[in-house]
Amino acid sequence: MDFDLTELQILLLNSAEKFLEKEVKNLIREIEKSDSGYSPELWRKMAELGWLGIVFPEKYGGIEGDFTDLVLLVEEMGKALFPGPFAATLISGLAILEYGKEIQKDQFLPDLIAGNSLIASALLLPDPAMGAITMDEKIVIKDDHFIISGTRLFVPFAHVADWLLYSADTDQGPVILLIDNKTPGITTTCMDSIGANKPCEIILEDVVVPISSLLGEMGQGTRIVNKLQSWGALTESAYITGMLEQVVKMTVEYAKEREQFEKKIGTFQAIQHKCSDMITDVDQSKLLTYEAAWKLSHKMPATIDISMAKSWASDASRRVSFMGVMLHGGNGVSEEYDMQLYFRRAKSSEVTFGDGDFHREIIAQELGLQG
Amino acid sequence: MDFSFSPQEEQFRQRVIDFFQANIELGNGAKKEWSSGMGYGPNCWEILSKIGEKGWLCPTWPKQYGGQELSYMYRYIVMEQMHFFLNIYSTVGAGMAGPVILSHGSQEQKDRFLLPIANGEIEFALGYSESQAGSDLAALAIKVDDKEDHFLINGSKLFNTRAHYAQYHWLGARTAMTKPKFKGISLFIVDLKTPGITISPIWTVGGTRTNEIFYDNVKVPKDAIVGEMNRGFYYILEALDYERISTVGGLKRDFDELLEYVKKTGKDKNALIRQKLACLATEIESARLFALRVAWMLNRDQIPNYEAAMLKMLVSEIEQKMLNTSMQIFGAYCQLQKGSKWSQLEGSFERSYRDSLENMITRGTSEIMRNVIAQRGLGLPRG
């Protein structure tokens with residue numbers, strides 16, 4: 001049993017804290033107003049720090065860390081509301097590492113790790129009940145090409161991504177394709193979101209890609225999607241944990257300063273007990289996330305653990321950020337205070353890679369409960 | 001980070017489980033006695049002495065006093081399995097009185113009490129609460145007069161569970177009128193058979209017996225005092241630091257029973273029920289991690305404070321929530337008590353539902369735990 005970080009992890013976090021304080025503080029406000037929502041310069045600096053290679057083998061330029069290292073780093077990013085597709089790109093890279101052919105690994109991983117290439121996963125089909133679908137879903141294999149039409153939603157940062165990991169169902173089973181985002185026939189629309197996390201709609205119309213775009217084998221698509229989902233859920237849990245730690249910190253600092261009725265409001269038990277509930281919620285989220293990451297790092301089954309982490313983090317995200325706003329009173333709803341930034345992003349993170357209900361259904365199945 | 005037991009700890013854990021499985025009938029008998037609300041019966045005493053024989057009741061203690069000189073993680077492992085198999089996860093002697101005697105008691109007290117505690121032969125009733133001293137423990141008023149060759153005690157105690165079968169009272173009493181109040185409290189070990197002591201039962205909503213204890217001119221010998229005069233409140237707080245491990249062993253057992261019930265009755269077709277059970281499983285796992293964190297801190301001589309408060313609050317509140325959920329799942333049948341042919345799972349959850357209230361009160365209410373988390377954990381100022 002060991003709840004401590006390793007020396008290397010402490011070093012990583014110290015440098016992350018400094019870097020994020022210097023480079024990322026308030027960036028979210030700028031980026032929210034910009035079209036790209038992402039800073040190539042920042043990306044290059046992160047590559048220099050080795051962050052983009054944190055979970056990859058040395059031979060591709062990585063530093064061979066594990067999921068615990070990744071989760072710790074993403075947690076730090078959450079504290080700073082780091083904007084940009086960091087985790088999204090890394091999990092795409094992990095899919096290539098685990099399922100790609102040697103030639104694909106050589107083609108994609110060094111570029112990704114050097115910060116020259118963003119890869120976004122395009123997995124979610126639109127729900128016809130939620131709006132009209134203008135592009136019929138189609139994928140045909142002709143000669144040595146795939147011809148693809150379809151719509152994918154909530155593709156993170158697709159408007160600046162170089163490559164897409166695109167999932168589709170063929171008559172030979174589900175597949176994942178690595179598609180050059182500059183291929184003719186792709187239309188990308190970046191949607192305004194509560195969380196400034198730049199979810200995109202992409203529409204593919206008769207997009208032609210070579211057969212070599214296939215990641216892994218024909219029919220492996222669902223398995224790869226599931227992997228991407230669980231890595232995504234885990235990293236999102238870590239991001240939420242970091243965000244909420246910051247929310248608690250800001251709230252406690254505020255409660256120690258703010259005076260009403262000639263007293264610091266932090267002396268009131270009504271405030272203290274809410275703060276206690278907030279930090280308990282966050283600690284639960286944190287330990288569940290760490291345990292899931294530890295299991296993944298040791299190649300143990302972690303489906304239930306990841307869903308426990310994300311279901312808890314998702315709901316804590318809503319509860320804790322809401323309470324943070326409440327305890328800030330009028331300042332909590334003011335644009336000038338940072339609290340509203342966290343409150344908004346908390347909602348996006350809550351529903352990204354599955355909300356609480358979604359993951360509880362997975363937990364129920366893992367417990368042997370039959371729907 | 002590492003969330004697993006070491007190979008040695010894992011081996012030990014297996015040995016503990018094997019022990020309880022080999023003594024399963026005795027253990028079930030003990031659990032039944034305990035769950036009747038009457039506390040220790042003959043089966044409890046017998047299994048405690050068997051655990052004591054192994055040196056597992058106080059595994060962290062020196063060998064001369066019946067311990068094994070093992071680290072706290074081993075104590076956690078025993079407690080978790082005791083909780084699972086017996087519902088009793090520690091004795092008051094092993095968890096609170098013993099450690100204080102070990103660090104502040106006289107040599108005579110050590111020689112007299114420690115071995116019997118470690119052997120599971122004696123038990124202490126905590127003598128802290130009074131009618132006017134609950135969360136504000138320093139307000140306790142039971143009065144001790146120093147009469148040169150003995151102490152004379154007068155007053156009363158409330159909610160002193162275990163007094164009807166424990167041999168000794170672990171008594172917090174007022175030895176001086178001071179300001180602040182906590183500086184005039186001392187700790188005593190009193191033989192509960194001493195003339196002048198009357199123990200009268202009080203029944204909880206959960207059907208558990210606790211007691212009101214009256215001291216009417218009770219004479220106790222001078223060597224009954226533990227440590228220094230007027231330092232009792234510090235020892236009481238210190239003892240709380242020793243006894244901060246909670247486990248989810250019992251909670252997990254009951255949850256698994258509920259899970260099986262839901263599967264067997266086909267109630268898992270209901271998505272609402274699946275959601276609730278999945279949420280509980282998540283909460284129980286988070287509480288288990290909190291418990292391990294506290295054990296790990298103790299293991300490396302760190303004093304957990306807000307972490308322990310969080311654990312205590314969480315375990316008792318999740319227990320209540322689990323029982324509440326089971327009641328919802330049983331629907332109208334939940335109200336039926338043991339004995340009715342329509343009661344579910346022999347009405348055991350009905351009884352536990354009532355009994356679980358107590359855990360949120362005893363050893364510090366959830367509200368007090370929230371104060372501790374806010375003030376010690378987050379550094380919020382006292383009002």
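**Exercise 1.** Find how the axes of helix H9 (residues 303–327) of chain A and helix H11 (residues 356–366) of chain A cross, and name their relative direction.

*Solution.* Start with the axes, which are lines fitted to C-alpha atoms over the stretch in contact, with angles from 0 to 180 degrees between N-to-C directions. The helices themselves are DSSP runs (H or I, at least four residues), numbered from the N terminus. The two axes come within 8 Å and cross at roughly 150 degrees. H9(A) is therefore roughly antiparallel to H11(A), a label for angles over 145 degrees.

A word on the model: it is predicted, so local features need pLDDT of at least 70, side-chain atom pairs count only at pLDDT 80 or more, and totals for chains, interfaces and linings use all residues. Residues are numbered from 1 along each chain as its sequence is written, while chains are lettered from A and ligands numbered from 1 in the order in which they are written.

**Exercise 2.** Work out which residues of H9(A) and H11(A) meet.

*Solution.* Look for residues in contact (C-beta atoms, placed from the backbone, within 7 Å). On H9(A) they include A:Thr303, A:Ile304 and A:Asp315. Among their partners in H11(A) are A:Gly356, A:Arg360 and A:Glu366.

**Exercise 3.** Describe what chain A brings to its contact with chain B.

*Solution.* First, count: 38 residues come from chain A and 36 residues from chain B. Next, find the elements: H7 (221–257), H8 (269–297), H9 and H11 of chain A each supply at least two residues of chain A's side. Finally, H8(A) gives the largest share, 14 residues.

Definitions and conventions
Parallel < 35°, antiparallel > 145°, perpendicular 65-115°, else oblique. Contact = placed C-beta atoms within 7 Å.
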